[in-house]
Amino acid sequence: MIRYGDRPHLFSLVALIWGMLLLLSASPWAFGLLPGWILTNDRAIMLALVIGSTCLLSFPGSPVWQRAGLALVACVVMLTPLIFASEIAAAGGQARGAMVWFALAGVLLVLWAIHRVLGWLRLSLVMITLIYCVIGHLDFIPDDLRWRGASLSKLMNHFWTTGEGVFGGMMGYAAKFLLIELLLWSLVVRGFVGETHLPFSGILLLLALGPYLESFVRQLFSLPLGLHYIIVTLTIAVLLLAHQIFALFRRNIALREFVLAMLLIATALGVKAFFTVHHGYSPVRSVFYAIFSVAGVILLQVLFDILCGRVHFVQGLKWFSRAVCDAVIRAMFHAIWIVLAYTGIALIMGAASLTGMGQLAADLIDNRGQDLSIAAVILGGSVLAGPFLLPLAGWWRYGRPASVK
């Protein structure tokens, strides 16, 4: 388990660079400011930062330079789809030769990071499906589970160089939307004068389960075009609003603190809704404008305190810069377990698409589980439960109120 309190200064620097990269990628000037290879390989870069950050936060008793060296090696391995892009393209998109072993090292690094961050139980959900990919063709496997099998080269090609494995599934959702939304609400909550752990805990839960919440709402209601992009944002805003109203009635916060909280919540929700629904911008671009709007509200509050004589000018600016940096670092710390949960989901879904385990899950849903062997029920249950349990278990370990430090 990694801990926010054990983070070295190097992780704080990496988190700030990571947050800046997210903002630049979401900005209107992304194609002018960033090289094309960064924009087209955002999933690989995101996962490299996650694995590297996991190395920095692990082994707290070892020297920082050793952890930094391990993180650098891990990042190079995770970026092999980018480094060897021309060789992969020349081979028709196949992993061949040394690339197979780099891919195997990358998958093992991902599994180690899932174990390190999420624990053995969460890793077992992923390992059940991966082990089946390796041994599912052997003679002792029941007939209803046996599949044709695949070589190591084919397995690594499927899980590493295609959109069906480590970089597939909902990793695009995490890379393009989830992390920038996490950055927004981390800044909003950090701007509260009377901040508590409860609001941020609820935000983490809603973001971790965001795709399922959006899917559930879409099935229940027929929403106008663009409105479904702000379902998670609207739910978070309502949660924070209810929390602040309850805190005001209990006199846990002053009226001035309540007004500031309302301004921050309204700014985050209003700016994103305005640019998404009214102007038709992408959710990522809308969140970019919302982040700078929220930062502007916090800065105005600091300037107001300076003009009223509550704080000195230098002290107020130091508080503002520290608040922004703390919000970014905390958001990127929680991004680690969220991204690794989605990576585990991507591996499970990749194994299901390769071996046909999705049919086992469909059989369980159609109440035909009594015709399946126990092993088939376990595999089908992993495919069904894993995508929901992985982010939920990650939130229980790092996101619940007792864990948010």
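Some ground rules. Residues are numbered from 1 along each chain as its sequence is written, and side-chain values use heavy atoms, with hydrogens and water left out. Since the model is predicted, local features need pLDDT of at least 70 and side-chain atom pairs count only at pLDDT 80 or more, while totals for chains, interfaces and linings use all residues.

I will start with the pockets. A pocket here is an open set of points on a 1 Å grid over the protein atoms alone, where a 1.4 Å probe fits, with protein on both sides within 12 Å along at least five of seven lines; lining residues have an atom within 4 Å of a point. A volume is the space filled by probe spheres set on the points, which are joined across faces, edges and corners.

The largest pocket has a volume of about 560 Å³. Its lining has 24 residues, and those nearest the centre are Ser 25, Asp 42, Ala 175, Lys 176 and Val 284. Two or more lining residues come from each of helix 1 (9-26), helix 2 (30-33), helix 3 (36-40), helix 4 (42-57), helix 11 (171-190) and helix 16 (283-307). Helices are DSSP runs of H or I, at least four residues long, numbered from the N terminus. By class, this lining holds 18 nonpolar, two polar and four charged residues. Nonpolar covers Ala, Val, Leu, Ile, Met, Phe, Trp, Tyr, Cys and Pro; charged covers Asp, Glu, Lys and Arg; the others, Gly among them, are polar.

The second largest pocket holds about 380 Å³. It is lined by 19 residues, with Val 14, Ile 17, Ala 48, Leu 49 and Cys 75 closest to its centre. Helix 1, helix 3, helix 4 and helix 5 each give at least two of the lining residues. This lining has 17 nonpolar residues, two polar and no charged.

Next, salt bridges. Side chains of opposite charge can pair when their charged atoms come close. The rule used is a side-chain nitrogen of Lys or Arg within 4 Å of a carboxyl oxygen of Asp or Glu, and it gives four salt bridges.

In one of them, Lys 272 pairs with Glu 181 at 3.1 Å between the closest N and O atoms. Lys 272 is in helix 15 (residues 255-278) and Glu 181 in helix 11, so this pair ties together parts 91 residues apart in sequence. Both residues are buried, meaning under 20% relative accessible area; exposed is over 50% and partly exposed in between, with a 1.4 Å probe and protein chains only.

Another joins Asp 326 and Arg 190 at 3.4 Å, N to O. Because Asp 326 lies in helix 17 and Arg 190 in helix 11, the parts tied together are 136 residues apart.

Arg 256 and Asp 305 form a salt bridge too, with 2.5 Å between the closest N and O atoms. Arg 256 is partly exposed at 35%, whereas Asp 305 is buried at 10%. Together with Arg 310, these two make up a network of salt bridges.

Gln 244, in helix 14 (residues 231-249), counts as buried at 3% relative accessibility. Leaving aside neighbours within four places in sequence, its contacts (heavy atoms within 4.5 Å) are Phe 192, Ile 253, Phe 258, Ala 261 and Met 262. Ser 12, in helix 1, is buried at 14%.
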